[in-house]
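User: I am new to this structure. Could you show me how to read it, one feature at a time?

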There are 2 protein chains.
Amino acid sequence: MPSRLIVSRDLAELLKLLAHSDRLRLIEELRAGEKDVSGLAVALELPATRVSQHLSLLRAHRLVEERRHGRSHFYHLTNPRLADWILDALPFVDIRTRLDDNDHIDTARALWTAADSRSKH
Amino acid sequence: MPSRLIVSRDLAELLKLLAHSDRLRLIEELRAGEKDVSGLAVALELPATRVSQHLSLLRAHRLVEERRHGRSHFYHLTNPRLADWILDALPFVDIRTRLDDNDHIDTARALWTAADSRSKH
DNA sequence: CCAAAACCTGCAAAGTTGCGCAGGCTTGAA
DNA sequence: TTCAAGCCTGCGCAACTTTGCAGGTTTTGG
């Protein structure tokens, strides 16, 4: 029964794809909706080339989809539930050494789930 | 607010830790309960050295814990919910090209959730 | 048509990971 | 005490990733 092995390989591939802080931030940024490359670059304070490279990787694996309008390329999540699933991992993240309050998980989740990417720089 | 950045880094680190098919299989194998290194090596058909190396990595990040008895080292999951969370990712895995039935997700989940690691070789 | 904006891709340097292998430690049995 | 089982760690090589940079394509505006 090699199926189990195959599944574990595919799962590992998915996780590897997500295992980069830039890409995680991109995905969580796209949770709010469609956004173009330069918009993402500004929001995450990353060079546009890097954003483009990460998006191309995510696109190759169908995690995001592209829509072109004018000279802008707008990206959106193929399956927004993925972003929810990622946030479900926060309880397993060891952040107690860096945030000094107790309810760090709620804090962390709030940082992402709230529509706060626009409310503050 | 660098917190969001920090969280994404920690999350990425966790995902990187899980992004290896051997380690995924180890974690799912330990879902059933404690097991020693050679037991895991036999169950997953992997060289014991490799199993040991993976476990040492998981241990360093507190995903598993060790209990020594005699000359055997028994490992168990620090937080079994992690294994559940991993299985929740199966709907996002692209396995349609390799399993030819339709309900591949149920199939895949059954492969892991059932106590079938012993029922078949 | 021409130029600039917005992206994409190829490439090479630097860093990281995975793997087997050799060697070492600890425990239990003879 | 001596041996072997069971496990761990260090080392080195191969393979992969990340990143900036240079150069390319498409679209819009003049």
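Predicted model: local features only at pLDDT ≥ 70, side-chain atom pairs only at ≥ 80, totals over all residues.

User: How many residues surround DNA strand C, and which are the closest?

Analyst: A residue is near a strand if one of its heavy atoms lies within 4 Å of it. Here 24 residues surround DNA strand C. The closest are A:Asp36, A:Ser38, A:Ser52, A:His73 and A:Tyr75.

User: What part of DNA strand C do the atoms within 4 Å of the protein belong to?

Analyst: Sugar or phosphate accounts for 82% of them. The rest belong to bases.

User: Which elements supply the surface near DNA strand C?

Analyst: Helices (H or I, at least four residues) and strands (E, at least two) are DSSP runs, numbered from the N terminus. In chain A, α3 (37–44), α4 (48–60) and β3 (72–77) each supply at least two residues. The largest share, 5 residues, comes from α4(A).

User: How do the residues of that surface divide by type?

Analyst: Ala, Val, Leu, Ile, Met, Phe, Trp, Tyr, Cys and Pro count as nonpolar, Asp, Glu, Lys and Arg as charged, and the others, Gly among them, as polar. The surface near DNA strand C has 3 nonpolar, 12 polar and 9 charged residues.

User: Now DNA strand D. How many residues surround it?

Analyst: DNA strand D has 23 residues around it. The closest are A:Gln53, B:Ser38, B:Ser52, B:His73 and B:Tyr75. Of its atoms within 4 Å of the protein, 75% belong to sugar or phosphate. Phosphate oxygens of DNA strand D lie 2.5 Å from a side-chain N or O atom of B:Ser52, 2.8 Å from a polar side-chain atom of B:Ser38 and 3.2 Å from a side-chain N or O atom of A:Arg50. α4(B) gives the most to this surface, with 5 residues. The residues there divide into 3 nonpolar, 12 polar and 8 charged.

User: Which residues of α3(B) are buried?

Analyst: Buried means under 20% relative accessible area, exposed over 50%, partly exposed in between (1.4 Å probe, protein chains only). The buried residues of α3(B) are B:Val37, B:Leu40, B:Ala41 and B:Leu44.

User: Why do they line one face of the helix?

Analyst: An α-helix has 3.6 residues a turn, so residues three or four places apart point the same way. Down the axis of α3(B), the buried residues fall within an arc of 100° (taken from the directions from the helix axis to the C-beta atoms), so they line one face. They pack against α2, β1 (35–36), α4 and β3 of chain B, where contact means heavy atoms within 4.5 Å. After α3(B) comes B:Glu45, with a positive phi near 55°.

User: How many salt bridges are there over all chains?

Analyst: A salt bridge is a side-chain nitrogen of Lys or Arg within 4 Å of a carboxyl oxygen of Asp or Glu. A search of the whole structure finds 14. One of them joins B:Arg50 and B:Asp22, at 3.2 Å from N to O. The pair links distant parts of the chain, α4 and α2 of chain B, 28 residues apart. B:Asp22 is buried at 5% relative accessible area, while B:Arg50 is partly exposed at 37%.

Methods: Residues numbered from 1 in each chain as written. Chains lettered and ligands numbered in written order. Heavy atoms only, no water. Polar contact = N/O pair within 3.5 Å; in protein donor to acceptor, adjacent residues only side chain to side chain.
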